[in-house]
Amino acid sequence: MQGRYTGFGLPVAVACFCLASLLVGYPPPEVPEPAGNSFLVAFGLMLALAVVGLAAVEQLIRRTPDALRWNVWPLCVGLGGLFAFELVLFTDALLFRVLDQDLWIARGLVQALVIPLLGLAVARNREWTFDVSFSRSVALGSTALVGASIYLLVIAALGYHVRFFGGQWGTTIATALVFMALLLFGFVAASRTMRSKLRVLVAKNFLAFRYDYREEWLKFTGLIAQPGGGRSLHDRCVLALGELVETASGALWLRRDGGYRLVARLAQPEVTDREPEDGELASFLRATGWVIDVGEARRDPEKYRDLQLPQWLRASPNAWLVVPLLVTDGLLGFIVLGRPRVDLKLDWEVLDLLKTAARQTAGFLAQQEATEALLEARKFESFNHMSAFVVHDLKNLVAQLQLMLHNAERHHANPEFQRDMLSTVGHVVARMNNLMLQLRSGERPVDRPHAVDLCSVLSRVQGVRAAGHGNLRVDLVDDVIVMGHPDRLERVIGHLVQNALEAGDPSTVARHEVRVRVYRQGDSAVIEVADNGVGMSADFVRERLFKPFSSTKQSGMGIGTYESQQYVQSIGGRIDVESRPSTGTTFRVTLRLADPAEAAQEALE
């Protein structure tokens with residue numbers, strides 16, 4: 001019961017004092033006429049609160065055990081003196097019905113004198129806690145505001161004295177003094193070093209922890225994750241880690257070619273040395289994960305297991321800390337930070353924050369390297385994909401040249417054959433140049449589809465494929481204009497014709513026939529390639545025909561049919577297949593007919 005009363009009386013007294021102040025307000029410092037009844041009520045309430053406060057202080061000091069009175073007596077002396085002054089002030093006001101002006105003015109000074117005693121009481125009772133907190137920005141801003149106010153007051157006082165005691169030059173000197181002081185104030189306010197010193201001062205003396213971890217983490221991740229200012233990710237990592245310990249210089253070393261090399265630096269000298277992956281520094285960082293204080297390691301290597309720093313690190317005059325970047329598979333690299341703007345004590349809080357931030361930095365860097373490796377692999381995949389199609393087209397072109405050479409033995413003296421041969425060679429050369437261009441650029445040229453006459457395309461296919469194949473029949477139809485690309489359509493139809501010619505059974509080659517015809521079907525044109533060869537099973541047509549790298553031919557690559565389908569679908573068409581084993585196969589390529597007006601425009605162009 002005793003303890004409950006002691007802890008309850010003082011808060012009640014303070015609460016009543018504050019409530020009464022809000023309800024009635026303070027009396028004015030000077031009342032020319034005798035105060036009315038309203039002021040008498042206010043004086044009485046304030047006097048009553050002073051009496052209650054003195055009683056609460058008396059109970060507090062009386063009921064506190066002797067062993068603990070050393071802790072509370074500054075509080076009791078301060079509050080007792082304050083309530084005693086209030087008792088004198090408002091007793092005098094009730095007696096004379098007016099506030100004593102001198103006592104009222106001295107009231108503020110008395111309250112200010114009590115503050116050191118309250119601070120001493122708080123310092124002696126560290127276990128006292130309050131559920132009131134304020135942000136670090138408020139603490140920094142308040143401290144800066146108080147310091148600036150004191151500075152400006154001092155300058156104003158100096159200017160006042162110089163003005164009135166400086167003779168005829170007093171005003172001029174005072175003006176110059178004030179201007180110089182304001183100039184110095186602006187320089188100090190804009191200095192990052194001074195702001196860093198202010199942050200360290202506030203963190204050391206007013207806050208329980210050096211860092212506001214929420215703010216620091218948001219700033220750290222924002223600086224790394226958001227590109228800006230033309231800085232690379234490597235530079236941003238060095239800058240973000242340095243900002244945590246008030247330094248703007250550093251260097252990033254990453255694993256490269258079986259060692260560690262310098263990849264980014266800020267206000268640090270260039271280093272061409274390579275740190276071995278199995279060297280003493282890398283092995284120490286990988287095994288311990290410690291942050292190395294370079295100066296301490298030079299003076300006392302025993303604290304770091306007799307670590308011998310490499311020559312390039314010992315020769316760097318600005319090197320301060322070596323922070324390891326650890327990932328799951330070992331040491332990704334390390335960051336060498338330069339000297340800070342202000343002296344910073346490396347306690348457990350700084351070291352833990354650096355290690356945590358370094359792991360986050362290592363994660364960002366590892367993710368970037370994995371992304372770059374994936375992009376490079378995709379580029380190689382795209383290049384290999386394109387190479388496969390180019391090789392397939394080259395195979396078809398080689399087959400044409402081989403067929404031409406085979407027929408040249410019998411028809412080399414025929415002038416018509418010679419003209420066809422020259423035309424075929426020219427066509428093959430143009431196609432090969434186009435393929436080489438695609439291979440160098442890594443992508444196929446994308447042109448807008450335009451009107452194409454299928455009759456001319458089929459004529460070229462017939463001229464190339466029909467030589468030596470009397471069993472190829474092509475039914476040409478005039479005025480069938482579709483939307484597409486002449487060379488790509490020729491490649492698609494030529495591939496289907498070539499497959500049909502090669503689909504014959506060797507034992508029945510005399511009866512093998514391939515027929516190509518074109519006809520209209522509504523607003524579409526249909527190119528039909530049919531043969532009576534070995535055919536394909538329904539399972540193969542459904543599961544494997546249009547899959548890349550799947551072919552029934554021993555020397556086939558399984559790419560042509562897949563490429564043909566991809567192209568036809570890209571221009572709004574489709575390919576349908578009907579096939580039965582030992583009966584034959586029919587491919588139907590359906591394409592969109594060109595609009596007559598569009599075809600006329602193409603003809604004019």
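1. Strands β11 (residues 524-531) and β13 (residues 584-592) run antiparallel and are joined by eight bridges; strands are DSSP runs of E of at least two residues, and helices runs of H or I of at least four, numbered from the N terminus. Within this pair, I527 stands opposite V589 in β13. The model is a predicted one, in which local features need pLDDT of at least 70 and side-chain atom pairs count only at pLDDT 80 or more, whereas totals for chains, interfaces and linings use all residues. Residues are numbered from 1 along each chain as its sequence is written, and side-chain values use heavy atoms, with hydrogens and water left out.

2. The pair belongs to an open, mixed sheet of five strands in the order β8-β10-β11-β13-β12, where pairing requires at least two DSSP bridges between two strands. At its edges are β8 (472-475) and β12 (574-580), each pairing on one side only. Direction ignored, neighbouring strands are turned by 15° against each other on average.

3. Two helices pack on this sheet. Helix α16 touches β8, β10 (514-521), β11 and β13, and its direction makes about 25° with that of β11; contact means heavy atoms within 4.5 Å. Helix α18 touches β12 and β13, at about 140° to the direction of β12. Angles run from 0 to 180 degrees between N-to-C directions, and axes are lines fitted to C-alpha atoms, for helices over the stretch in contact.

4. The axes of α16 (residues 486-502) and α18 (residues 560-570) come within 10 Å and cross at roughly 145°. The contact involves R488, L489, R491, V492, H495 and N499 of α16, and G560, T561, E563, S564, Y567 and V568 of α18.

5. The largest nonpolar core has 36 residues, of which V482, V497, V516, I527, L545, V577 and L591 touch the most other members. A nonpolar core is a set of buried Ala, Val, Leu, Ile, Met, Phe, Trp, Tyr and Cys residues joined through side-chain atoms within 4.5 Å. Helix α16 gives the most to this core, with seven residues. Apart from it lies another core of 31 residues, among them A240, L325, L344 and A357.

6. T361 lies in helix α13 (residues 348-411) and counts as buried because its relative accessibility is 0%; buried means under 20% relative accessible area, exposed over 50%, and partly exposed in between (1.4 Å probe, protein chains only). Not counting residues up to four places away in sequence, T361 touches F220, I224, C237, L241, L325 and I335.
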